[in-house]
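We will go stop by stop.

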Amino acid sequence: MSKIQAIRGMNDLLPQQSATWQYLESAVSSILDQYNYKEIRFPIMETTDLFKRSIGEVTDIVEKEMYTFADRNGDSVTLRPEGTASCVRACEQHGLLYNQTQKLWYHGPMFRYERPQKGRLRQFHQIGVETFGFDGPDIDAELLLLTARLWKQLKINHAVVLEINSLGTPASRGRYKAALIDYLNPLKGQLDEDSQRRLSTNPLRILDSKNTDTQALLADAPQLHDFIEDEAKAHFVALTDILKAADIPYRVNQRLVRGLDYYDYTVFEWVTDQLGAQGTVCAGGRYNGLVEQLGGRPTAAVGLAMGVERLVLLLETLNVLPDNVASTPDIYIVSVGDVMPYALSVAEKLRDDLLDANICSHFGGGSFKNQMKKADKSGANMALIIGEDEKQQQLLTVKYLRSGDPQKTITVEEFITLFKHRN
Ligand code: ATP
Ligand code: MG
């Protein structure tokens with residue numbers, strides 16, 4: 001019979017990779033803790049309407065990337081393609097935006113039916129941050145400061161560049177959209193296929209086109225910057241002032257528009273040239289209109305999402321993972337003969353007293369020589385050997401695997417003291 005495989009674009013995370021993920025996740029969560037952001041969790045599936053109403057009917061995500069199906073009751077449900085909409089939905093549902101501000105984060109799988117390739121999966125993972133109730137540029141800046149701190153801590157800061165732009169309000173964007181359509185309509189025949197389609201659905205996304213001919217046509221196009229209102233401009237200038245004061249380099253990219261409909265004012269991306277075409281490792285922006293659009297009261301909001309797979313790829317590509325990212329045992333317990341109840345009770349006693357020790361017991365028997373080979377391969381610093389003699393005298397034998405120190409046979413208590421005072 002043929003073996004069942006995972007669905008294309010949906011990866012297993014194997015034991016040798018999970019340590020890297022844990023390293024990244026714990027770096028993120030401790031930084032978010034430093035900034036006093038609180039974790040929120042919501043379901044991976046929502047009603048389809050939530051995403052249609054928030055991300056936008058004519059975006060790539062809603063048009064062709066969602067995992068949407070009817071459940072057994074015939075209701076249309078969708079595996080979340082991103083977290084912002086669910087976060088707003090959850091906050092509204094539980095009154096978290098009523099007369100209060102929120103600084104939140106979440107992490108987990110997202111689902112998009114895209115063509116799987118390097119840095120692009122059908123189930124991928126994001127760590128998202130969302131803030132509600134703050135309308136000043138200072139919170140936009142804080143999001144960038146905390147990500148900059150993260151890149152520095154992860155030692156990838158030299159490989160990522162911050163691109164920022166302002167989209168203004170939906171009203172000014174509407175005026176710009178009209179001007180862009182006027183400019184591009186006569187050139188329609190020269191646009192790439194995707195851009196031709198977008199001209200009538202989502203013209204701003206054309207600015208984002210990777211097609212070089214399309215990019216050349218855009219050289220003389222009207223500039224978004226000339227259309228946005230003074231208030232949005234002032235917000236943007238204040239943000240860049242904070243970035244300058246904080247010594248965070250950035251590049252203003254007038255063509256940065258993002259693929260989701262709900263953004264206004266600030267948008268940004270952290271990009272790297274180390275991963276090929278999928279170089280955006282973190283992206284976000286302001287979305288002051290979304291809460292109201294989903295039925296809540298007008299609420300200022302700004303957030304971001306990091307792509308975990310891309311960050312992991314970048315850590316690996318740049319070779320900046322700490323040596324000890326995968327935890328190896330400190331102690332490997334070798335048990336020879338009929339000693340099992342005693343050997344396990346020693347291991348348990350050690351775990352009672354040595355809270356930070358990683359202790360691996362050998363299971364499945366085998367010769368002394370074989371077990372010592374496994375102990376060595378495990379990377380442990382020492383093997384504790386328990387044989388019939390040790391059991392009888394309630395002792396254990398310590399054998400150092402990485403140094404020439406002589407082995408010794410001692411009591412469990414003596415070993416605990418010895419281990420506590422190692423180094
Ligand atoms: P892209 O332009 O790369 O398609 P996007 O605009 O669709 O990105 P967002 O929805 O803003 O991306 O998601 C934020 C981040 O999540 C991206 O910058 C990227 O790091 C990651 N991401 C998005 N889609 C995928 C995917 N299919 N596979 C892996 N990571 C992804
Ligand atoms: Mg995309």
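Is Ile44 buried, exposed or partly exposed? Select Ile44: it is partly exposed, with a relative accessible area of 37%. Here buried means under 20% relative accessible area, exposed means over 50%, and partly exposed is in between (1.4 Å probe, protein chains only).

Before moving on, note the ground rules. This is a predicted model, in which local features need pLDDT of at least 70 and side-chain atom pairs count only at pLDDT 80 or more, while totals for chains, interfaces and linings use all residues. Residues are numbered from 1 along each chain as its sequence is written, chains are lettered from A and ligands numbered from 1 in the order in which they are written, and side-chain values use heavy atoms, with hydrogens and water left out.

**Stop 1: a nonpolar patch**

Stay with Ile44. It sits in the loop between strand S1 (38-39) and strand S2 (45-47). Helices (H or I, at least four residues) and strands (E, at least two) are DSSP runs, numbered from the N terminus. Together with Ile44 they make a nonpolar surface patch of about 250 Å². A patch takes residues with over 30% relative accessible area and no salt bridge; like charges are joined within 9 Å, and nonpolar side chains (Val, Leu, Ile, Met, Phe, Trp, Tyr) within 5 Å. The areas come from the Shrake-Rupley method with a 1.4 Å probe, and for residues only the protein chains shown count as cover.

**Stop 2**

Select S2 and strand S4 (residues 76-79). Three bridges join them, and they run antiparallel. Two strands pair if DSSP finds at least two bridges between them. Find Thr47: its bridge partner in S4 is Val77. Next, select strand S3 (residues 67-70). Four bridges join S3 to S4, again antiparallel. Ala70 stands opposite Ser76 in S4. S3 and S4 form a hairpin with five residues between the strands, where Gly74 takes a positive phi near 90 degrees.

**Stop 3: the eight-stranded sheet**

Zoom out. Eight strands form an open sheet in the order S1-S5-S6-S11-S10-S9-S7-S8, with mixed pairing. S1 and strand S8 (251-252) stand at the edges, each with a single partner strand, so one side of each has no neighbour in the sheet. Strands of a sheet pair through backbone hydrogen bonds, either parallel or antiparallel. For a close look, select strand S10 (residues 280-286) and strand S11 (residues 301-307). Five bridges join these antiparallel strands. Arg286 stands opposite Val302 in S11.

**Stop 4: cysteines**

Which cysteine sulfur is closest to that of Cys282? Select Cys87. Its sulfur is 15 Å from that of Cys282, too far for a bond. A disulfide is a pair of cysteine sulfur atoms within 2.5 Å, and the structure holds zero of them. Cys282 is buried, at 1% relative accessible area. Cys360 is partly exposed, at 28%.

**Stop 5: salt bridges**

How many salt bridges does the structure hold? There are 15. Each is a side-chain nitrogen of Lys or Arg within 4 Å of a carboxyl oxygen of Asp or Glu.

Select Glu63 and Arg197. Their closest N and O atoms are 3.2 Å apart. Glu63 lies in helix H3 (residues 60-65) and Arg197 in helix H7 (residues 193-201), so the pair ties together parts that are 134 residues apart in sequence. Both are partly exposed: Glu63 at 38%, Arg197 at 30%.

Move to Arg205 and Asp208. This salt bridge has its closest N and O atoms 2.6 Å apart. Arg205 is buried, at 18%.

Then pick Asp241 and Lys244, a salt bridge of 3.9 Å, N to O. They are three residues apart in helix H9 (residues 230-245), so about one helical turn separates them. Asp241 is partly exposed, at 41%.

**Stop 6: two positive phi angles**

Most residues other than glycine have a negative phi. Select Asn99. It is not a glycine, yet its phi is positive, about 55 degrees. Asn99 is in the loop between helix H4 (84-93) and strand S5 (102-111), and it is exposed, at 64%.

Last, select Gln394. Its phi is also positive, about 55 degrees. Gln394 is in the loop between helix H14 (388-393) and strand S15 (396-400). It is partly exposed, at 49%.
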